[in-house]
Amino acid sequence: MRHMLNIGGIDVGYGDVQVLWDVSLEVREGEFVALLGANGAGKTTTLNAVSGLLRPRKGTITFLGQDLARTPAYRRAELGIAHVPEGRRLFPEMSVRENLEMGALHGEARRKRRETMEEVFSIFPRLRERQHQLAGSLSGGEQQMLAIGRGLMSRPKLLLLDEPSLGLAPMLVAQVFQVASELHSRGMTILLVEQNVRHALEVCSRAYVLENGRIVLQGTGTELLANPHVREAYLGI
Amino acid sequence: MVLLGQAVVSGILLGGMYALIAMGMTLVMGVMKIINLAHGALVMVGMYATYICFQQWGIDPYLGMFVAMPLLFLLGCLIQRFMINRLLHVESILPENQVLLTVGVMLVLTELVRLVFRSDYRSVATAYSGKTFFLGGVSVNVPMAVGFLIAMGFTYALHLFLTRTDLGRSIRATAQDREAALYMGVNAPRVTVITFGLGAALAAAGGSLLLPLFYLWPDIGHLFTAKSFIITILGGMGSMPGALLGGLALGVAESLGATYISMGYKDVVGLVIFLLVLLFLPGGLKSLLARR
């Protein structure tokens, strides 16, 4: 399998505060990788380094063999990285449709905008019904659907999902995970960040565990579900 | 009754032109989260550009504005690109040092114009300057009516641009969530440059429309900075429909003040409204619209 994303020993921080210490991980084409950990472990920071909002002080990030060190954040969507951010981060005063259109600004995605929007509507029929409504007026679950749909609009090669289950009712959480694994089974490569460890391990192919900014464990979903440390610290068994 | 109608009509006409200027400030406010205190100075520079066109080549102000607008667009882009954006990366005691920078820009522009044109009052005298027509008993000043119509035309064009084009939507997206816009692949630094250019071009447009109605001198910019600031607050910061309503409201309020209190107090009316809005309706007209 081809390497999609390769993070090699990055240190990342905000100002004087270093958050990530020598983090390395890889995502191969077609994989569903989860990055797990508690609040403040550095999961979102890792994703923001991939999408270019933060610059590593040390280490490299390569995407499909290309070093991203000199690629500004706004060029990374075009390369095929779609970031579905934590807290959804929709454009609240734009309609559902406009939010989706904002997901497809460049190149092929822009040319195939209508087509992709139809695909997104077929995955999330609710969004079709609400397409002229303002994004800020949607319910939490619908907003999450829109955030994922907006990410898909760029026809990405790699989908970064940051805490998609955050703040959702249990039924909606299950739905979000179901959508993620459906996308994966259609061939999408996914890097998922989650605090909902059990759910994430059940759907992913491989996972990494971050603690205090360092990768402490990695393995397949089943391996980690059986791991005594994971069971005690994250599953409460 | 006729007097009231007269005051309201001329207030609305004038307010439409104020609104155009204020929309420029609102655009910049939305994307950069700063009040551009050089906005009035940009109006003033735009007015001088149109004035020169008229004085040197006899170009009508309504055509001259199409010279002033691209010029000011360029000036705005340069200010954002080489001055304001540079400050974004500077760590200092005051996070609002971009606002202070715009004060500096305002001073430099005003004094440069004074150096060239002196502080003399100037005005353009066109064939239609003093013309009026009657609309059901209310007399309407021709340059006011034309200026209002052109201003509304620009407002509509701006609305189409912001809602129908990718660049316009990117501007709104950047204003609503800059980071999310970056995730989507919006070149946010470029968007800020274009936005500031656009804001300056709107300032020039509004200024040119007001040129047949106002005396022109280098310090007239302060008047427009104050008016746009009042309108921006009145409308609810960053809201375009709010800016339009705010502009019309300020125009009418000033006109009523000039008619029923005294010509000399018309600017006081605007400032009193400004204070009242800050005290009792801090979200501006936008918050009233949202409450529906």
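**Exercise 1. Classify Glu118(A) by accessibility and find its salt-bridge partner.**

Step 1. Glu118(A) has a relative accessible area of 42%, so it is partly exposed. Buried means under 20% relative accessible area, exposed over 50%, and partly exposed in between (1.4 Å probe, protein chains only).

Step 2. The partner of Glu118(A) is Arg128(A), with the closest N and O atoms 3.2 Å apart. A salt bridge is a side-chain nitrogen of Lys or Arg within 4 Å of a carboxyl oxygen of Asp or Glu.

Step 3. Glu118(A) sits in α5 (residues 113-123) of chain A and Arg128(A) in α6 (residues 125-129), so the pair ties together parts 10 residues apart in sequence. Helices are DSSP runs (H or I, at least four residues), numbered from the N terminus.

Step 4. Arg128(A) is partly exposed, at 35%.

The model is predicted: local features need pLDDT of at least 70, side-chain atom pairs count only at pLDDT 80 or more, and totals for chains, interfaces and linings use all residues. Residues are numbered from 1 along each chain as its sequence is written, chains are lettered from A in the order in which they are written, and side-chain values use heavy atoms, without hydrogens and water.

**Exercise 2. Describe the salt bridge of Glu254(B) and Lys266(B).**

Step 1. Their closest N and O atoms are 4.0 Å apart.

Step 2. Glu254(B) belongs to α10 (residues 240-260) of chain B and Lys266(B) to α11 (residues 266-280), so the bridge ties parts 12 residues apart in sequence.

Step 3. Glu254(B) is buried, with a relative accessible area of 4%.

**Exercise 3. Characterise the interface of chain B and chain A.**

Step 1. Count residues. In contact (heavy atoms within 4.5 Å) are 18 residues of chain B and 23 of chain A.

Step 2. Take the area. About 2,000 Å² is buried, and carbon and sulfur atoms give 57% of that. Buried area is the accessible area (1.4 Å probe) that two parts lose on being put together, summed over both.

Step 3. Find the salt bridges. The rule gives six across the interface. One joins Arg169(B) and Glu101(A) at 3.2 Å, N to O.

Note on methods:
Helices (H or I, at least four residues) and strands (E, at least two) are DSSP runs, numbered from the N terminus.
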